[in-house]
Amino acid sequence: MTSFEGQALSWSVIEGVLEVALHRPPCNEIGTLMLGELEQLMTAWSVLETDVEAIIFHSTLPCGFSAGADLHELYERMQGLTPEERAAGVRSFLERVHWVFNTLDQLPVPTIAAVHGVTFGGGWELALTCDLIIADKMTRFCFPELRLGLIPGFGGIPRLRRDVGNGVIRDLLLTGRSINAVKAQALGLVSQVVAPGQSLVVARSLARQMKKFDRTTRATAKRFMKPLPERELAEEIALFCELVRRPAVEEGLRKFVQGRDVLPYLP
């Protein structure tokens, strides 16, 4: 399979580069639909691998790369459940997400996230699985989970700790503020900042450069430079499931879902 057209994402192999386009309105929220199609992509890797030298993730929506987890779906799935049932359901979902994200993180070929606009929560966590993030200057990054009584649950904290200092992580999490692409680059989270609308163009150019190097050497370098923080990832799931039992989380999600304010990421 060299191409796929889904409801949430599509992919195709173009001259040895696998381009994955996210296109689920309103802003590529990661819920059951998106996750299912990401699982299909990772399952198809064994077939794609021989023809692929690099991977690019990008969004076709004007709002941005991804607004994060599908909070409407999460809230709906929590209704009528006991705290134990709620935690069990969330754990099952998070384990599926972690399988996809960890597999992507450890693929033997270079991976690039070409981002723009809103890159929040789980969307940023998806970008952090990639080897490089190319951001146009209008990109904004944020972990807003504490506003809902939660922590990031898709592997964001362990992956950030792999790349930057704890002081940066505490600032991002405990304030919930967003940062722009220039600030993210200064912190070491973004490889390049480019003009608006140019992140995919630059990502394609980088992919062509990466294809020039020996495949085995690239994979060896990646394994050495990018170890998977397995213990912390497992701990993150456990902590998230403890938090989701609390009534405060359901109330936070209710306010978000029922709120009538214009969402900041909508065009």
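This is a predicted model: local features need pLDDT of at least 70, side-chain atom pairs count only at pLDDT 80 or more; totals for chains, interfaces and linings use all residues.
Seven strands make up an open sheet with mixed pairing, arranged in the order β1-β2-β3-β4-β6-β8-β11. Its edges are formed by β1 (3-5) and β11 (192-194), each of which pairs on one side only. On average, and with direction ignored, neighbouring strands of this sheet are turned by 20° against each other.

On its other pairing, β3 runs parallel to β4, and six bridges are found between them. L18 has I55 of β4 as its bridge partner. The burial of β3 is complete at the level of its residues: six of the six are buried, so the strand is largely enclosed by the rest of the structure. In a regular strand the side chains alternate between the two faces of the sheet. In β3, V17, E19 and A21 point one way, while L18, V20 and L22 point the other way. Residues of both sets are buried, the charged residue E19 included.

A second open sheet contains four strands in the order β5-β7-β9-β10, and its pairing is mixed. The edge positions are taken by β5 (64-66) and β10 (179-180); each has a single partner strand, so one side of each lacks a neighbour in the sheet. Within this sheet, β7 (residues 118-120) and β9 (residues 140-142) run parallel and are joined by three bridges. F120 is placed opposite C142 of β9.

Helix α4 (residues 121-128) lies across strands of both sheets. In the seven-stranded sheet, the strands concerned are β3 (17-22), β6 (111-115) and β8 (132-136), and the helix runs at about 130° to β8. In the four-stranded sheet, α4 lies across β5, β7, β9 and β10, at about 85° to β7.

A further helix contact involves α5 (residues 156-163) and α6 (residues 166-175), whose axes come within 8 Å and cross at roughly 145°. The crossing of α5 with α6 is right-handed. From α5, the residues I157, L160 and R161 take part in the contact, and from α6 the residues N166, I169, L172 and L173. By class, five of the contact residues are nonpolar, one is polar and one is charged.

The structure holds one disulfide, formed by C27 and C63, with the sulfur atoms 2.5 Å apart. The torsion about the S-S bond is about 110°, so this disulfide is right-handed. The bond links distant parts of the chain, 36 residues apart: C27 belongs to the loop between β3 and α1 (32-48), and C63 to the loop between β4 (54-59) and β5. Both C27 and C63 are buried. For C130, the closest cysteine sulfur is that of C27 at 17 Å, which is too far for a bond. C130 counts as buried because its relative accessibility is 7%, under the cut-off of 20%. C241 is likewise buried, with a relative accessible area of 5%.

Most residues other than glycine have a negative phi, and most peptide bonds are trans. Against this background, P25 and P26 are joined by a cis peptide bond with omega of about 5°. P26 is located in the loop between β3 and α1. N28 is found in that loop as well, and its phi is positive, near 55°, in a residue other than glycine. The relative accessible area of N28 is 0%, so N28 is buried.

Terms used:
Residues are numbered from 1 along each chain as its sequence is written. Side-chain values use heavy atoms; hydrogens and water are left out. Two strands pair if DSSP finds at least two bridges between them. Helices (H or I, at least four residues) and strands (E, at least two) are DSSP runs, numbered from the N terminus. Axes are lines fitted to C-alpha atoms, for helices over the stretch in contact, and angles run from 0 to 180 degrees between N-to-C directions. Contact means heavy atoms within 4.5 Å. A disulfide is a pair of cysteine sulfur atoms within 2.5 Å. Buried means under 20% relative accessible area, exposed over 50%, partly exposed in between (1.4 Å probe, protein chains only). A crossing is left-handed if the near helix is turned anticlockwise from the far one by less than a right angle, and right-handed if clockwise.
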